[in-house]
Amino acid sequence: MSNFKLEIKKVLTAFGKDVVEQAKKNIQTSKISSKGHLYNGMKYKSSVKGASVQVAITIADYWEFMDYGVEGVGGQKADGTNWVKKKVTNNKFKYREHMPPPSVFSRITSDRGGQFAIAKSVFHTGLKTTSFFTDPFDTEVDELEAKLIQASLDAIEKGLTQTVINNNNITIN
């Protein structure tokens, strides 16, 4: 692997590591469970494939709902009091007519009645915006360009210093 690819891979590995570590820290400090698939399934991997160097971050398929939040429909409870909607700072996701299928909450409880109660509560109150992933991702992306430029310069410098002098010929690798 060339010095250039190695240096870029180091930067992308650090990027993935920092994003995942900070996102996991955000999960722990928020009211999101740090025992579930969202926390434990979050991983990163950098790789070199041909001419490209890449980093992949894997995360549970429902991460966007937990990150961006989901606006609930509100309304009245059976006892006449109003549902209190959770604070959602974007308009990406919102419930309109149908509540989420209770089965999606089977990771929380195996009790079908409990699943229905959770689904109904989420439908009416929504899910609060946490930005557990987007905040660290955006922060790291802001710093990524400078780090990639520096890594490229370091690779070029290493390449220029690796010279071979043979029979009065200088070869730059």
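1. Glu7 is worth a look to begin with: at 8% relative accessibility it counts as buried, where buried stands for under 20% relative accessible area, exposed for over 50% and partly exposed for what is in between, with a 1.4 Å probe and protein chains only. Glu7 is found in helix H1, and, not counting residues up to four places away in sequence, Glu7 touches Ala151, Asp154, Ala155 and Lys158, a contact being heavy atoms within 4.5 Å.

2. On the basis of these notes: the model is a predicted one, in which local features need pLDDT of at least 70 and side-chain atom pairs count only at pLDDT 80 or more, while totals for chains, interfaces and linings use all residues. Residues are numbered from 1 along each chain as its sequence is written, and side-chain values use heavy atoms, with hydrogens and water left out.

3. Turning to the fold, the chain has five helices and six strands, which are DSSP runs numbered from the N terminus (helices H or I, at least four residues; strands E, at least two). Their order from the N terminus is α-α-β-β-α-β-α-β-α-β-β. The radius of gyration of the chain, taken over C-alpha atoms, is 24 Å, well over the 16 Å that the globule rule (2.2 Å times the number of residues to the power 0.38) gives for 173 residues, so the chain is more spread out than a compact globule. Its C-alpha trace spans about 95 × 30 × 25 Å along the principal axes.

4. Of the 173 residues in the chain, 30% are buried. Among contacts with a separation of 6 or more, 61% are between residues 24 or more positions apart. The accessible surface, computed by the Shrake-Rupley method with a 1.4 Å probe and, for residues, with only the protein chains shown as cover, comes to about 11,400 Å², of which 53% belongs to carbon and sulfur atoms.

5. Which residues have the most contacts inside the largest nonpolar core? They are Ile27, Leu38, Met42, Phe132 and Phe133, in a core of 19 residues; such a core is a set of buried Ala, Val, Leu, Ile, Met, Phe, Trp, Tyr and Cys residues joined through side-chain atoms within 4.5 Å. Helix H1 (3–29), helix H2 (37–40) and H5 each give two or more residues to this core, and H1 gives the most, with eight residues. Another core, of seven residues, lies apart from it and includes Phe93, Ala119, Val122 and Phe123.

6. Phe133, leaving out residues up to four places away in sequence, touches Val19, Ala23, Met42, Ile57, Ile59, Trp63 and Asp67. Ser131 sits in the loop between strand S4 (126–127) and H5; Ser131 has a positive phi of about 50° although it is not a glycine, and at 17% relative accessibility Ser131 counts as buried.

7. Leu144 lies in helix H5 and is buried, with a relative accessible area of 14%. Apart from neighbours within four places in sequence, Leu144 is in contact with Val11, Leu12 and Phe15. Leu144 and Leu12 are 132 residues apart in sequence, yet 8.3 Å apart in space, C-alpha to C-alpha.

8. Ile149, also placed in helix H5 (residues 134–161), counts as partly exposed at 44% relative accessibility. Together with Leu153 and Ile156, Ile149 forms a nonpolar patch on the surface, with about 280 Å² of accessible area together.

Terms used
Patches are made of residues with over 30% relative accessible area and no salt bridge: like charges are joined within 9 Å, nonpolar side chains (Val, Leu, Ile, Met, Phe, Trp, Tyr) within 5 Å. A salt bridge is a side-chain nitrogen of Lys or Arg within 4 Å of a carboxyl oxygen of Asp or Glu.
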